[in-house]
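This briefing goes through selected features of one structure, grouped by topic. The sequence and the coordinates are shown first.

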Amino acid sequence: MFTSIPFKGRTGLYLCFSLLLSIQSCTKTPKVEEISEPENLTFTVGGFSDTEEYSDINQGKSEKATIKPSGLQSQTQNRPQQFTSNIIKWNGLDMQMQLTEETMGVEPANHRVKQRIGKPGIATKKAANIPMEPGKTYRLVIFDTDAGGNPTTLVNQGLGTIGSTLKVPVYRNKQYRGVAYSYNRSASIAAVTGNNPTIPTTDNGVNGAQDLLYATGLVQTSDEVDAANPIAVLFTRKTALIRMEVNARGTFAEIDQVSATVKSTAAGLKRGVLSLKTGNYTQILNASALNLPDWNNVISDTIPLKWVKYHDFHTATSGNQTTTLNISLDLLKLISQRINDAAPNTSSPQSRDLPAVEFTFPTFQANPGKKYTASLQLVEHAVQRGSAEWARGNLYYEPSIDRNQYRFRYDSPHIRNINGGISNFLSTDYWYGGNTPNATYNASADPCKLVFPTNTWRLPTVSEVTALIDSSNPTVIRRNQTANEGWYITWDNASQVGMPQYRNRHLIFTVLGYRNASGALLYFNYEGGNTVFGTQAQLGDRGFYRTNTNNRYFSLRFRTSNWSTTLTLTAANASGNTAAPIRCVRNN
C-alpha cells in the first residue's frame, strides 16, 4: 500500500523578481504607514519574465538600473513522482486515482538574498521562468536589524502592485531587513502591526489556505544622495499547491457539471499563521471543509475541451506533516456523443448522471513549494461476461486530437442506410491488424492498449471469445434492427449498471461485416435474418470481431443455411488481409 511519496532534492517554489531601489536623502523620522508621495526608497517589481538573466549596474547619482526581472525556475532535472491506483469500481463508472508530485523550484526554502548596494556586478544565470501577472498585490515590510542582520523593530511598510512602483521612506547609509509577501491575487492586503507581526494563510474571508509567497533580504542603503540601488529578491511559496482534477478522457465524454467537497479531517487540509520575521509557521491548524463548486477546463492541444476539469487550492505546510485528501464528489454529469440511427453521419449529446461518491487519496507528505495533482481518472464501466470484462461499445479511431484518437462508441447504434450509412465508418471502425485502422497486420500491435488510460484495455483472446459464447444467465439473444435493416446479438441485463449512466444494461454486438484487402465491405447489406425454412429463408448479414490472434475472429451468423435456423457464434478462422471491428476487454 502506497502511504507516502519520497522526496529528494531541494524544497520550495521560488518566484524570482527584481526590486529597483532609488534612495534619496531623508531628514524626517520614518512613520509606519503606506507612502503616498514618491520619495526616498523606491521599489519596482517587474514580475516574472521568461528569462532569469539580469544585470546590476554601477551606482551613480540619479541613475536608475535597467533590470530584466527573473521568475519561477523550472527544475527539469527532477522528474515528477507519481502513484496510480488500480481500477476501482464505482457506480457505473470505474476510476483510477492518480497522485503526482512536481517540483517547481530549485532554491532552498530558507534562502535569503543579501545584496549590498554600491557594488557593481552582473548575473547571467538562465532558467525557464513563469511570469507573475501584473496587478497582483504584495506588501513590503521594513525592519531595523541587530548586528546579526535579524529583524527587530518595524520601521515602515507599503502595499505594492506588480507592474507599478512602490516608494517607502528610509534612512541613508543604514542596514534594514525587508520582508515581502503576497497572496498572488489582486485584492488589497491589510497592513501589519506590532514588532512581531504574523500573517494568516487565509485572507479576506478565503476558506482554507491559499497561495502565500514570501521573500526576505538585507538591504544596506547607500550614503549617496539620489543613488539608484538594484537588488534581487526571491519569493518562496509557503504553501503546497494541490490541484484536484476530474479526468473524463477514459469515458470519451465532456464534463458538463462537477461539484466536490474536500472534507475537514485531522490529516486533511491545513491553514496556518506565519511569522514575518522568521518566515516560519507559528501555528498550523485544521482547515474547514472546502467546497469546490466552480471548475476550470484544462486547455491543451492533446485534450478535447471539457474532457478534463480542475480546481486549485492550497494547504499550509512546514514539510513535516502528512496529508490525506478525503473528497466527496457531490455532482458529476457527463455528455457523450451517440451516433444517430437515422442519420449516421451525425451524433447527438447523451446526458449521463453519476451518483455522489466519497473517496480518499493515498497519504502523502506535502512540502511547501510543491504541486500535487490529485487526479480522478474516469474509465468506462466494463460488462463481465464469460472470463473477461467487455467494453460496451466498439473501438474507433479519431485522428483529430493527439493522444485521444482511440475511443469507444457510446452504445451500439443501429446504422441505417441513410446519409452514407456504414460508409461513414469504414476508415475509423474497421481494423486490419495494426495500431490504426488501415495499418497492415503487426503481431505486436494492440490498439486497445492505446485507449486512455493506456494499458487499461486490450484485444480479447480466442479463449475469452469462446467463454463469452458459452456464457449464460442471461443467455444470448439475436434481434433484428428496425425494419429488419440488419441484426445484433445481446445479453440483456448482463450488467447491474444502466440508466442514467448508460442507455441500457445490455452487452450488445452489432453485425457489421468486414472489409477485404481491397477495402470493399463484404457480408453487410443492411439485412436482418429470419427463421423461415426453404426459399423464404433470410440468412442476414454476418459479423466479425478481431481477437489478439491473427486470422481468428469472433464470428456471428444469424443462421448458416436455408434449413438451419440456429444462431451460430464461433471463434472462427479466416484468411487474407481482413479489416473487422474491435471490441476491447479490460486488461486486468
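Which residues form a disulfide, and how far apart are their sulfur atoms? The partners are Cys448 and Cys584, with 2.0 Å between the sulfur atoms. The model is predicted.

**Disulfide**

- One disulfide is found when the whole structure is searched.
- The link of Cys448 and Cys584 is left-handed, with -85° about the S-S bond.
- Cys448 sits in the loop between helix H1 (426-429) and strand S33 (457-458), and Cys584 in the loop between strand S41 (568-573) and strand S42 (585-586), so the bond ties together parts that are 136 residues apart in sequence.
- Both Cys448 and Cys584 are buried.

**Three-stranded sheet**

- Three strands make an open sheet in the order S34-S35-S36, and their pairing is antiparallel.
- Strand S34 (477-480) and strand S36 (507-510) are the edge strands; each has a single partner strand, so one side of each lacks a neighbour in the sheet.
- From one strand to the next, the twist averages 25°.
- S34 and strand S35 (residues 487-491) run antiparallel and are joined by four bridges.
- Arg479 has Tyr488 in S35 opposite it.

- Strand S39 (residues 542-546) and strand S40 (residues 552-557) run antiparallel, with five bridges between them.
- Arg542 is placed opposite Arg557 in S40.
- The two strands S39 and S40 form a hairpin, with five residues between them.
- In the turn of this hairpin, Asn551 has a positive phi of about 65°.
- S40 also pairs with S41, in the antiparallel sense and over six bridges.
- Phe554 has Ala571 in S41 as its bridge partner.

**Helix H2**

- In helix H2 (residues 462-470), the buried residues are Val462, Glu464, Val465, Leu468 and Ile469.
- These residues cover an arc of only 160° around the axis, which puts them on the same side of H2.
- Ser463 and Asp470 are exposed on the other side of H2.
- As background, an α-helix has 3.6 residues a turn, so residues three or four places apart point the same way.

**Arg392**

- Arg392 belongs to the loop between strand S30 (388-390) and strand S31 (395-397).
- The relative accessible area of Arg392 is 11%, so Arg392 counts as buried, the cut-off being under 20%.
- Beyond its neighbours within four places in sequence, Arg392 is in contact with residues including His381, Val383, Asp411, Ser495, Tyr502, Asn504, Ile508 and Arg583.
- A polar atom of the Arg392 side chain lies 3.1 Å from the backbone oxygen of Asn504.
- Arg583 is 191 residues from Arg392 in sequence, yet the C-alpha atoms of the two are 8.0 Å apart in space.

**Thr216**

- Where is Thr216 found? Thr216 is in strand S14 (residues 213-220).
- Is Thr216 buried or exposed? Thr216 counts as buried, because its relative accessibility is 6%.
- The side chain of Thr216 makes a polar contact of 2.9 Å with the side chain of Arg177.
- The Thr216 side chain also reaches the backbone oxygen of Gly178, at 3.3 Å.

Note on methods: Residues numbered from 1 in each chain as written. Predicted model: local features only at pLDDT ≥ 70, side-chain atom pairs only at ≥ 80, totals over all residues. Heavy atoms only, no water. Pairing = 2+ DSSP bridges. Axes fitted to C-alpha atoms, helices over the stretch in contact; angles between N-to-C directions. Disulfide = S-S within 2.5 Å. Buried < 20%, exposed > 50% of the residue type's maximum accessible area, 1.4 Å probe, protein only. Contact = heavy atoms within 4.5 Å. Polar contact = N/O pair within 3.5 Å; in protein donor to acceptor, adjacent residues only side chain to side chain. Arc of directions from axis to C-beta.
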